[in-house]
Amino acid sequence: MQSEISMERYICIHGHFYQPPRENPWLEAIEQQDSAYPYHDWNERITAECYAPNAVSRILDGQNRILQMVNNYAKISFNFGPTLLSWLEKKAPDTYQAILEADREGQKRFSGHGSALAQPYNHMIMPLAQRRDKYTQVCWGIRDFEHRFGRKPEGMWLPETAVDLETLSIMAELGIGFTILAPDQARRARRIGGRSWRDVTGGGIDPTMAYELALDSGRKIALFFYDGPIARSVAFQGLLSKGEDFAHRLIDTFREERDWYELVHIATDGESYGHHHRFGDMALAYALNYIETNNLARLTNYGEYLERHPPSYQVEVRENSSWSCAHGVERWRSNCGCRLGTPPGWNQEWRAPLREALDWLRDSTAAPYEEKARQFLRDPWDARNDYIECVLDRSEETLRRFLEKHATRNLIPSEKSRVLKLLELQRHAMLMYTSCGWFFDELSGIEAVQVIQYAGRTVQLAGELFGDQREAQFLERLRKAQSNIPEHGDGARIYHTFVKPAMVDWQKVAAHYAVSSLFERYPEQAKIYCYEAVREDYEVFEAGRAKLVIGRLRLISEITRESAVMSFGVLHFGDQNLNCGVREFQGPQAYQTLLKEITEPFNRGDFPAVIRLLDKHFGESTYSLTSLFRDEQRMILGRILEASLADAESVYRQLYENQAPMMRFLRNLRIPLPKAFRAAAEFFLNAQLRRCLEAEEIDVDRIAALLEETKIQGAPLDEQTLEFSFRRNVERLAERFSVQPGDPVLLKRLSRAATLLGKMPFPIDLWRVQNVYYRMLQNTYPEFHKKAQQGDESAQAWCSQFRDLGEKLMVRVE
């Protein structure tokens, strides 16, 4: 009887996995974000903490050893923002493939229904958008989904669950069958065919069934309202601290008196499972496994449940409501009071003028876009809807097919570039409405600055296409948005501080190439972010530490297909001191004159004359190391600083070694160390530890001695850097071992490194190493075990060492 009852019960957990697009709009890449240290950027950090762990989550035994690794995505419902998936595809391909595979596995598990849902393209708050933007956002979200998952989406997640009937109608028109809302977004409900409505405002809707919403168009869409109390407990109240508790909280929601097939389901930010709550992915994995193995309910997804148990009730929704603003959608256009932990005196009055400035920019560019685009495209807005194909695939063949469908005639290259720039203007005019720009508390935060950068790119393209001075009018409106931080002033100052320096033109790309070429050798054809750089000439002259480079290159934008030929000259004195000039190529004769005039004084050592001639030939287009794009700037400065840091370390080492006995003596007397001694100990010991932890041969005894020394001297450890260095080193070693499993030296090195795990005074993230080990346990160990059973002594030794390594890595080996 219990088995029959449990099979009438359904559980579905939905994760909304999303990060705002963080790319520099001019480079189409995320630049280094210091606040995400020790990771390169926040996407990389959250991937390490959440997206990747959920693809290979752990189920532990009673001794906290890994018993099983599972792909959580295959057992839940989920959606990933399209812009995040685009980043994962390039930067975390293993996790990306695991997500796609989970949807395919879900189709097998859930009666042909994949678990992935689509999402409007860049997380725009749909009720605040114009109709044609809503249409394009839904269209792009669907097309992106089809491109990645190879099927049509059954459902679509609404950004912040912000809902209005027009958006739902567009979704239904484009084939979307259902969406998920918060319980307090329901207004009233009744049985289908019934006459009387029941008021369910304030979360009174029963969330254990599907509902039907009738639309003015005559179409219908199914709605699911998640269980609010359980979702809040997962997101904010610590329910993920124990997987069994999580499972029982879900199971305890079922009621015997309900006479339908109950669906207990929740929806939260997917980042709850690992980023917001450490090891949340493991709580999720344990709960799902616990429910399945104990036959407590049937795991399902929305598509399967809807097919088996279609709605028997109708519902109406509260329009312009959302799951993250008690005031509807005011969080994204006013100082409604919804905020995070803001300092006293802060406000969010900036939200309204920011949105008003962007609305003006959108509206003021719409008519010129349509007018200019009609010269080349049959229907500019229909073409915009299809432009997602070119965004997903920047190849010439995709562009050819796009223009074959939409162009009024055969276009010459310059006209093709103009069309692409027009469509890029529209892309950025939508990206600037990404919801996170208003969600947080401060105008100068990275999320708000990001949407202003998208606006800046829109302004720049409008200037190039329409020849107007739109920037001044935009800044006049942006000035009304006041920052809470006095030094940032207002939106206009933030634009000048954070947006203008990020802007890129031909000169800046050429300057980046010229300066960075001093420190890294480029091939004849090189990729610089979304530009192709083709070297046409490159002359190098040296005099001692000084170096002069004169060159010419062709730059091609992968986005707009525009190109430019640039000439450049760089004088490098060594270290960070250099002068660079850039200009458009003015013909062979002018280039030879430049080359001759500048090289002559350099060859006789007259560097002031070289600088004067650089100014003469390149005018105000002069650049330095500060002109490099951020990632390369950090890399090159790191190289330049290596020698200086080595000198500093030598000084600290000498001071420490000379004074170490005195420092111990003072500590024994409990006399505070002089600041100079403390600094020397901290710098030297951390530097030595980092070097040892990064070494190919891990010297366990040396590391143990250094750790003991830091303890005796009371030197604080740079735990974050040391953990990161050691982890990456062990990960590299594990990957090498997985490729060469028969190499006993690699196994011995890896085992020696694992010995350190219990001795380190801070935890080490073993996730990747454990993944490699578990994969080898499934695929490689059985082969060696079979040989060992047949009497192969080397295989027997290998198996023994491998099992011992598993114990150190907390993986159970049968």
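This is a predicted model: local features need pLDDT of at least 70, side-chain atom pairs count only at pLDDT 80 or more; totals for chains, interfaces and linings use all residues.
Residues are numbered from 1 along each chain as its sequence is written. Local features need pLDDT of at least 70, side-chain atom pairs count only at pLDDT 80 or more, and totals for chains, interfaces and linings use all residues, while side-chain values use heavy atoms, with hydrogens and water left out.

**Exercise 1. Find which strands pair with β9, and in which sense, parallel or antiparallel.**

Step 1. Two strands pair if DSSP finds at least two bridges between them.

Step 2. Take β9 (residues 211-214) and β10 (residues 220-225). They run antiparallel, joined by four bridges. Here Glu 212 stands opposite Ala 222.

Step 3. Look at the turn. Five residues separate β9 and β10 in this hairpin. Gly 218 in the turn has a positive phi of about 95°.

Step 4. Turn to β13 (residues 313-317). It pairs with β9 in the parallel sense, over two bridges. In β13, Gln 314 is the bridge partner of Glu 212.

**Exercise 2. What lines the second largest pocket?**

Step 1. Define it. On a 1 Å grid over the protein atoms alone, a pocket is an open set of points where a 1.4 Å probe fits, with protein on both sides within 12 Å along at least five of seven lines; lining residues have an atom within 4 Å of a point.

Step 2. Count the lining: 44 residues. Phe 236, Asp 269, His 276, Trp 323 and Phe 439 lie nearest the centre.

Step 3. Find the main contributor. Helix α7 gives the largest share, six residues.
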